[in-house]
Amino acid sequence: MSALTAMGDLRRLVGRDLRRELRVTDSLLVNLALPVIIMVLFVYVFGGAITTGSSGLDYIDFVVPAVLLMSGGYGAALTAVSIADDLTGGMIDRFRTLPISGWVVPAGHVVSSLVRNVVASAIALAAAILLGFRPSASPGEWALVLALVTAYILAMSSLAVLWGLTVRSTQAAGAFSFVVLFLPYLSDGVVPAETMPPVLRDFATHQPITPVVDTLRALLLDQPMGSSAALAAAWLGGTVVVSLPVAAVMFRRRTAR
């Protein structure tokens, strides 16, 4: 099969996934409302009670990068449910009868997740600006913000596909979204890591989300970022490079049975 044909199949599968998302009203409302709800919760409910330590930032400036990742990451993690539903609901049996490459199906889920959840992160950012967030990023820094958020969503979508191919039910696949949603809480994103007990502080300092949050914060507020950008690129790039080929192999094995 030619690369041109495979890309055409990928485009059609991405369109199918996006149309399915638009037709499920409750899921669409959650995807649109969740970023706003999370942003309002952190700014108005938690914001008055939390200090930002040595950063000296207002809480809304401190927490916005983490909320952007929560908003996009949660939706990306639900990719596990979508691919598990295809595997258990008979859709893959229909795909087997068609002349399409096996890798196109998981890739379609990843690309559609990327489109949906970049929009979700944009909604969260718009809500933050309405609530008083005033970024000072230059045009070049805004481009890097978009690239970093996109890379994060791509990495989480890739891991979600792996998880969805590993488990045997959509209920088990949904568990991955809770991991992705709450991991930023144990980072330097919601509260400063320096305020945590020693064990949690060490975990928060060295886990993958922290350099991504720190880099986003530096870009949005035009601050020095130190080594966080290199660490974020290494974590996200490594996740994608490992996850996508493994997911393609696992998909072939699952659908060959």
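In this predicted model, Asp188 and Arg217 form a salt bridge in which the closest N and O atoms are 3.7 Å apart. Asp188 sits in the loop between α8 and α9 (198-206) while Arg217 belongs to helix α10, so the pair ties together parts that are 29 residues apart in sequence. Both partners, Asp188 and Arg217, are buried. For Arg217 the relative accessibility is 6%, and the residue therefore counts as buried.

Arg217 has another partner. Its side chain also meets that of Asp214 in a salt bridge, at 3.3 Å from N to O. Arg217 and Asp214 are three residues apart in helix α10, so about one helical turn separates them. Asp214 has a relative accessible area of 24%, which makes this residue partly exposed. The count of salt bridges comes to two, and Asp188, Asp214 and Arg217 are linked by them in a network. In general, side chains of opposite charge can pair when their charged atoms come close.

The two salt bridges are listed below.

| Salt bridge | N to O distance |
|---|---|
| Asp188 and Arg217 | 3.7 Å |
| Asp214 and Arg217 | 3.3 Å |

Asp222 lies between α10 (209-220) and α11 (228-256). Its phi is near 55°, a positive value in a residue other than glycine. Asp222 is partly exposed, its relative accessible area being 48%.

The axes of helix α7 (residues 139-166) and helix α8 (residues 170-182) come within 10 Å and cross at roughly 150°. That angle is over 145 degrees, which makes α7 roughly antiparallel to α8. The crossing of these two helices, α7 and α8, is right-handed. On the α7 side, the contact is made by Tyr152, Met156, Leu159, Ala160 and Trp163. On the α8 side, Ala172, Ala173, Phe176 and Val180 take part. The residues of this contact between α7 and α8 divide into nine nonpolar, no polar and no charged.

Helix α7 also packs with helix α3 (residues 59-77), at an angle of about 30° and with the axes 8 Å apart. The angle is under 35 degrees, and α3 and α7 are therefore roughly parallel to each other. The crossing of α3 and α7 is right-handed. In α3, the residues that meet α7 are Leu69, Gly72, Gly73, Ala76 and Ala77. Their counterparts in α7 are Tyr152, Ile153, Met156, Ser157 and Ala160. The residues of the contact of α3 with α7 divide into seven nonpolar, three polar and no charged. Tyr152, Met156 and Ala160 of α7 take part in the contact with α8 and also in the contact with α3.

Helix α4 (residues 79-88) is mostly covered, with seven of its ten residues buried. The buried residues of α4 are Thr79, Ala80, Ser82, Ile83, Ala84, Asp86 and Leu87.

Terms used. Residues numbered from 1 in each chain as written. Predicted model: local features only at pLDDT ≥ 70, side-chain atom pairs only at ≥ 80, totals over all residues. Heavy atoms only, no water. Axes fitted to C-alpha atoms, helices over the stretch in contact; angles between N-to-C directions. Helix = DSSP H or I, 4+ residues; strand = E, 2+ residues; numbered from the N terminus. Parallel < 35°, antiparallel > 145°, perpendicular 65-115°, else oblique. Left-handed = near helix turned anticlockwise from the far one by under 90°. Contact = heavy atoms within 4.5 Å. Nonpolar A, V, L, I, M, F, W, Y, C, P; charged D, E, K, R; others polar. Buried < 20%, exposed > 50% of the residue type's maximum accessible area, 1.4 Å probe, protein only. Salt bridge = Lys/Arg side-chain N within 4 Å of Asp/Glu carboxyl O.
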